[in-house]
Structures are given as C-alpha cells and as structure tokens.
Amino acid sequence: MIEYRTLRVALLGAGSVGSQVAAQLIARADELASRAGAGIELAGIAVRDLDAPRDADLPRELLTTDPHELILSSDIVVELMGGIESARTLILEALGTGADVVTANKALLAAHGPELFAAAEQVGAQLHYEAAVAGAIPIIRPLRDSLAGDRVQRILGIVNGTTNYILDEMHTKGLGLEDALAVATELGYAEADPTADIEGHDAAAKAAILAGLAFHTTVPLESVHCEGITAVTAEQIESAKQAGYVVKLLAICEQLDSGVSARVHPALVPAAHPLASVHGANNAVFVQAEAAGDLMFYGAGAGASRPPARCWATSSRSRGGTSPAGRASRSRPARPWASRPSAASRPATRSRSRSRTGRACWLRSPGSSTSRASRSRPCCSRAPPAPLRW
Ligand SMILES: NC(=O)C1=CN([C@@H]2O[C@H](COP(=O)(O)OP(=O)(O)OC[C@H]3O[C@@H](n4cnc5c(N)ncnc54)[C@H](O)[C@@H]3O)[C@@H](O)[C@H]2O)C=CC1
Ligand SMILES: N[C@@H](CC=O)C(=O)O
C-alpha cells in the first residue's frame with residue numbers, strides 16, 4: 001500500500017461548477033492521489049450561505065462561511081465564486097500564503113491577470129486557469145506550451161457556450177433569444193449575470209486570455225472589440241441559413257501587421273466550415289499556426305459537469321507542501337507535480353456585407369450600440385476589425 005502525503009484543497013464557492021468539483025474531489029480522491037502522487041483532501045468549502053440548496057450533496061461539516069481561515073490551512077485554493085473583487089482579494093490572500101491557486105474566473109483574469117500572476121511569481125506559487133477558457137477543452141496548455149515554438153497567426157473561437165446554445169436553438173428550432181437564454185440559464189451554462197454572455201463580455205475576456213497566450217503579450221480587456229448577440233434576429237438567422245451560412249458568436253484573435261487584434265462579434269460562418277458544426281453549448285477553438293497549420297480543439301464549453309474536469313486536473317498537478325506552515329518560507333519549492341455579422345439578413349442592415357469574392361465577412365448590426373463595443377477601441381492595434389477570410 002503506497003502512502004501519499006496529503007495536499008489540502010480549499011474550495012471557494014459551491015455554485016454550479018464548485019459543487020461538482022467538490023463532489024468529484026470527494027468521489028475520486030483515491031484515483032487522484034495515485035495520479036498526482038499525493039493525497040488530495042478537500043479541506044473545506046467556503047460558501048455564503050450554509051443552508052442554500054446545492055446541485056450536489058456536500059458534507060455539511062466541510063462548509064464554512066470563513067474563507068480566510070480555510071485558506072490559511074490549505075495547500076491549494078480553487079476559486080469558483082466568480083465575480084471580481086472578493087475573488088481577487090481571496091486569490092491574492094491565498095497566493096500570499098504560498099498556496100497554489102486554480103481558478104475558472106476568466107473575467108477576473110482578463111481584468112487583473114498581470115497583478116495575480118506577479119503575486120504568484122513573487123512567492124513561487126502557481127496560478128492555474130485551464131477551465132477559464134472553453135470549458136472542458138484543454139486549450140491553455142496547448143497554446144502556452146505545445147505551440148510555444150510555433151507562430152500562431154489566428155484564432156477563431158466559439159468560446160461562449162450560452163450564446164452558442166442560443167444561436168443554435170434559434171437556427172435549428174426557431175426559438176427566440178429570451179426563451180433559449182432561459183433554458184441555458186436553467187442548465188447552468190450562463191454566468192450569474194447572463195448579460196456577460198449575451199453582450200459578449202464573457203467571450204471578450206476569453207479572447208483577451210487567448211490572444212495574450214497566442215501572441216506572447218498582454219491584451220487589456222478594454223482593447224477587445226466586443227459585440228454580443230442581442231441584436232441578432234430570427235430573420236437574420238433565417239436569411240443566413242438560406243445563403244448557406246450559420247451565425248456564430250466568434251472570438252477572433254489575429255496577429256496583424258499593425259499589432260495584435262482581438263474582437264468578439266456575431267459572424268457568418270460558411271455551413272461547410274468546421275465551426276459551423278459546433279452545436280449546443282459546445283465550444284471550439286480553431287487555431288491557425290505557421291508550422292502546425294490548422295488545428296481545432298472541440299468539446300463541451302459550459303455546463304456544471306464539464307469544467308470541473310479541468311479544475312481538478314490542474315489541482316492534482318499543482319504543487320503542494322508537506323505542511324501549510326512550511327509554505328511561506330519557500331521561495332522556489334521543488335514541484336514534482338507541476339507541469340506547469342451580427343448576421344444581418346437584409347443587405348441594408350449590414351455595415352460590411354459578403355464580398356464579391358464570396359468571403360464571409362464581419363457584419364455589424366445597427367441595433368448593438370448598447371454593448372461595450374461602442375465604448376471600447378476596436379482592437380489592440382486600433383485598426384478597424386478586418387473582414388474574415390475563410
Ligand atoms: N458555469 C459554467 O459552465 C462555467 C463557469 N466558469 C466560471 O466558474 C466560476 C463559477 O461559475 P458558476 O459555478 O457557474 O457560478 P455560480 O454563480 O453558479 O456559483 C458561484 C457560487 O459562489 C458563491 N459565492 C460568490 N461569492 C462568494 C463569496 N464571497 N464567498 C463564498 N461563496 C461565494 C455564490 O453564492 C455561488 O454559490 C465563474 O468564474 C464562471 O465564470 C467557467 C467555465 C464554465
Ligand atoms: N457562461 C459561460 C460559462 C463558461 O465559461 C459560457 O456560457 O461559456
């Protein structure tokens with residue numbers, strides 16, 4: 001019988017994703033231990049309300065309303081609360097103790113990534129975020145590590161499951177946006193505030209993260225052009241269909257001569273393109289790289305049972321100390337586990353329409369001025385978004 005030393009894991013938040021992560025950590029503790037070479041013990045779960053109903057049956061004795069105490073006694077902290085300020089403060093607190101952190105919080109990373117990574121670097125801790133982009137799809141590590149020696153030229157991503165689900169329901173069943181959003185929310189795809197999904201902010205945060213990794217730079221969230229799906233109409237979807245296109249909310253990250261461009265907006269995708277076949281809440285990230293050519297990463301993008309796999313995969317690889325007390329003094333500990341168009345159907349509504357060469361283009365709908373798009377610069381390079389060349 002092999003005896004493993006034990007890593008204590010603190011979970012912050014027990015909502016859709018957090019409760020599933022907790023359930024998996026409990027149910028698969030032995031399997032994780034043998035893979036990670038260390039025992040994994042769920043030390044506690046910080047919640048707001050001890051009596052709130054949860055998606056999974058969690059041992060009551062693990063619940064606490066005191067995240068600070070929990071963090072102090074843990075080796076790895078998994079943040080699944082969402083939101084900005086509390087999450088930021090608690091992650092900084094955890095890193096300050098030398099704990100490794102796992103987060104799926106793309107909004108936080110896009111807004112405060114440099115600060116958080118600097119804090120991790122300072123104490124030699126790790127900050128994992130594989131589940132922050134594209135749900136269950138492993139995309140962070142491939143971009144950061146596997147493609148590090150290549151030159152990524154462009155990324156086309158369907159990175160928001162909620163909007164893909166909505167557009168797919170509108171396309172295949174003729175459902176309205178509101179009805180489809182209600183189902184997406186019920187299924188746990190949507191953010192706590194679904195405006196972040198339908199206005200494109202969630203996809204924009206993911207685009208900033210992807211563009212930063214792909215082009216080895218920092219992409220401020222404010223520089224990502226952002227237009228959601230609220231102005232997409234049933235008529236536009238039907239007209240796109242007739243013309244052989246599917247409307248998708250795309251995150252497009254490109255290395256242009258003028259600089260890095262990252263933008264999010266509805267686009268017409270030719271029905272034969274692999275991205276057109278991404279249905280429901282699935283995501284796909286289509287990467288074009290100089291040496292590797294075209295790659296497509298595909299899988300479940302949202303839904304409570306999907307991202308947990310990415311969370312506990314990174315937790316189990318994350319370093320842990322033999323005792324929390326020993327952490328603060330370690331500056332660079334040995335880490336054996338570490339790897340470290342709008343689819344306007346009527347030409348009159350299009351700001352850019354399909355070109356004579358048959359390329360599908362970026363189409364902007366006149367009704368979308370309430371989105372962050374209208375307030376932000378179009379892209380990092382300040383160049384206007386370029387039409388897509390498929
Ligand atoms: N739902 C999904 O499919 C995916 C979600 N994510 C991200 O994972 C994170 C969690 O998402 P969900 O589970 O869907 O959200 P959720 O809203 O279902 O759960 C968040 C939970 O955290 C709790 N919470 C918030 N602040 C807290 C605090 N200060 N102390 C203790 N508990 C607190 C809330 O009460 C809630 O129970 C978010 O950052 C989200 O963007 C990432 C990938 C997929
Ligand atoms: N609300 C998000 C959840 C995962 O990141 C989405 O719909 O993609």
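1. Helix α1 (residues 16-27) lies across β1 (6-12) and β2, and α1 runs at about 150 degrees to β2. Contact here means heavy atoms within 4.5 Å, and axes are lines fitted to C-alpha atoms, for helices over the stretch in contact, with angles from 0 to 180 degrees between N-to-C directions. Helices (H or I, at least four residues) and strands (E, at least two) are DSSP runs numbered from the N terminus.

2. This is a predicted model, in which local features need pLDDT of at least 70 and side-chain atom pairs count only at pLDDT 80 or more, whereas totals for chains, interfaces and linings use all residues. Residues are numbered from 1 along each chain as its sequence is written, chains are lettered from A and ligands numbered from 1 in the order in which they are written, and side-chain values use heavy atoms, with hydrogens and water left out.

3. Strands β1 and β2 belong to an open sheet of six strands in the order β3-β2-β1-β4-β5-β6, with parallel pairing; two strands pair if DSSP finds at least two bridges between them. The edge strands, each pairing on one side only, are β3 (63-64) and β6 (127-128). Strand β2 (residues 39-46) is joined to β3 in the parallel sense over two bridges, and alanine 46 stands opposite threonine 64 in β3.

4. Around ligand 1 there are 22 residues, the closest being Ser16, Val17, Lys106, Glu191 and Gly303, where a residue counts as near if one of its heavy atoms lies within 4 Å. A backbone N or O atom of serine 16 lies 2.9 Å from an oxygen atom of ligand 1, and a backbone N or O atom of valine 17 lies 2.8 Å from an oxygen atom of this ligand. A polar backbone atom of glycine 188 is 3.1 Å from a nitrogen atom of ligand 1. On its own ligand 1 has 830 Å² of accessible area, of which the protein covers 83%; such areas come from the Shrake-Rupley method with a 1.4 Å probe. By class, the shell divides into 11 nonpolar, eight polar and three charged residues.

5. Ligand 2 is surrounded by 13 residues, and Lys106, Gly161, Thr162, Tyr189 and Glu191 are the closest. A backbone N or O atom of glycine 161 lies 2.7 Å from an oxygen atom of ligand 2. Polar side-chain atoms of glutamate 191 and of aspartate 197 each lie 2.7 Å from a nitrogen atom of ligand 2. Taken alone, ligand 2 exposes 250 Å², and the protein buries 93% of that. The elements giving two or more residues to this shell are α7 (161-173) and α10 (201-214).

6. Helix α7 also lies across β7, β9 (245-256) and β11, running at about 145 degrees to β9. These strands are part of a six-stranded open sheet with mixed pairing, in the order β8-β10-β9-β7-β11-β12. Its edge strands are β8 (225-226) and β12 (293-300), each of which pairs on one side only. Strand β7 (residues 152-158) and strand β11 (residues 282-289) run antiparallel and are joined by six bridges, and the bridge partner of leucine 156 in β11 is phenylalanine 286.

Methods:
A polar contact is a pair of N or O atoms within 3.5 Å; within protein, one must be able to donate a hydrogen and the other to accept it, and residues adjacent in sequence count only if both atoms are side-chain atoms. Ala, Val, Leu, Ile, Met, Phe, Trp, Tyr, Cys and Pro count as nonpolar, Asp, Glu, Lys and Arg as charged, and the others, Gly among them, as polar.
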